[in-house]
Amino acid sequence: MAVGARSGHDEPEKRADEATGDGVTGDDVTDDGVSHDDAEDRPQGPRKQRSFWKELPLLVGIALVLALLIKTFLVQAFSIPSESMMNTLQKGDRVLVDKLTPWFGSEPERGEVVVFHDPGGWLEGQEAPTPNVVQKFLSFIGLMPSAEEKDLIKRVIAVGGDTVSCKEGGKVVVNGVALDETSYLYPGSVPCQDSFGPIKVPEGRIWVMGDNRQNSLDSRFHQQLPGGGTVSNDEVVGRAVVIAWPVNRWATLPIPDIFDQPGLNQAMAAAPLGAAGLAGALPLVLWRRKKRVAGHTAG
């Protein structure tokens, strides 16, 4: 009897545990009485995807913001409006201008092709085309060259501290070094039609000239204006690095080798070195003079 009574009490407890799911091997139940395993096995319906047309405005907005940021801080497209830089650049070419490096303190260097704002009076009397609303918008975000801004594009010939000059029919001379510009001058173009200089370029400014010298109103022709024909570095938008359009005109715009001549920088350094030598020799001269005067006094 004792054995039978004991087994009779154990079986109801086991059944109760299985019913409530509290046993070690039982499944947990949800509030609605369906186990987690059963819920996972239940077929799921297809997720509702967001409509493409609802996402399109967001994608367009992101693209416009990126384009505006690129135009402001990285590169910007500019259109060549004249023949002043032939054959390096032809009228109608589109160039990409590097606007990033100036943010890190980079300054224009000799030989670079740069875009700069009108320093004042250079484009006087020249009418700019009137763009429509679409052109204005695309220009604002950098997808089209600016049609309203008065910008120019020329080659940097001399920088702050340089001395530049040219005699009629001769070569341009920078810091006493004559430049052989045949690699980029327009065929048949002479380095300078009229004599100018010598001109000392102020610090923080540049002297610019077009590659088509007989068809370029550059620094030579604006010496009567403030700055004496030079352009402030602050007016420089950036360096033109590549011809992007038309496709058959694609090319980079490197600095010609003639601007790597050691003599250009050595000439600039000659004056400071001379001054340093004079400053170093001055104490020796004074000492010898003092010694000579002392010797005459003692005699």
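## A charge over a ring

R155 sits over the face of Y184, at 4.2 Å from the ring centre. A charge counts as over a ring if NZ of Lys or CZ of Arg is within 6 Å of the ring centre and within 35 degrees of the ring normal. This is a predicted model, where local features need pLDDT of at least 70 and side-chain atom pairs count only at pLDDT 80 or more, while totals for chains, interfaces and linings use all residues. Residues are numbered from 1 along each chain as its sequence is written, and side-chain values use heavy atoms, leaving out hydrogens and water.

## Aromatic pairs

There are three aromatic pairs in the structure; rings of Phe, Tyr and Trp (its six-membered ring) pair if their centres lie within 6.5 Å, with planes under 30 degrees apart stacked, over 60 edge-to-face and the rest tilted. F116 and W122 have ring centres 5.7 Å apart and planes at 85°, so they are edge-to-face. Both F116 and W122 are buried (under 20% relative accessible area, 1.4 Å probe, protein chains only).

For Y184 and F259, the ring centres are 6.3 Å apart and the planes at 20°, so this pair is stacked. Both Y184 and F259 are buried too.

## Nonpolar cores

A nonpolar core is a set of buried Ala, Val, Leu, Ile, Met, Phe, Trp, Tyr and Cys residues joined through side-chain atoms within 4.5 Å. The largest one has 19 residues, and those with the most contacts inside it include I157, V172 and W207. Apart from this core lies another, of 13 residues, including I80 and V115.

Definitions and conventions: Buried < 20%, exposed > 50% of the residue type's maximum accessible area, 1.4 Å probe, protein only.
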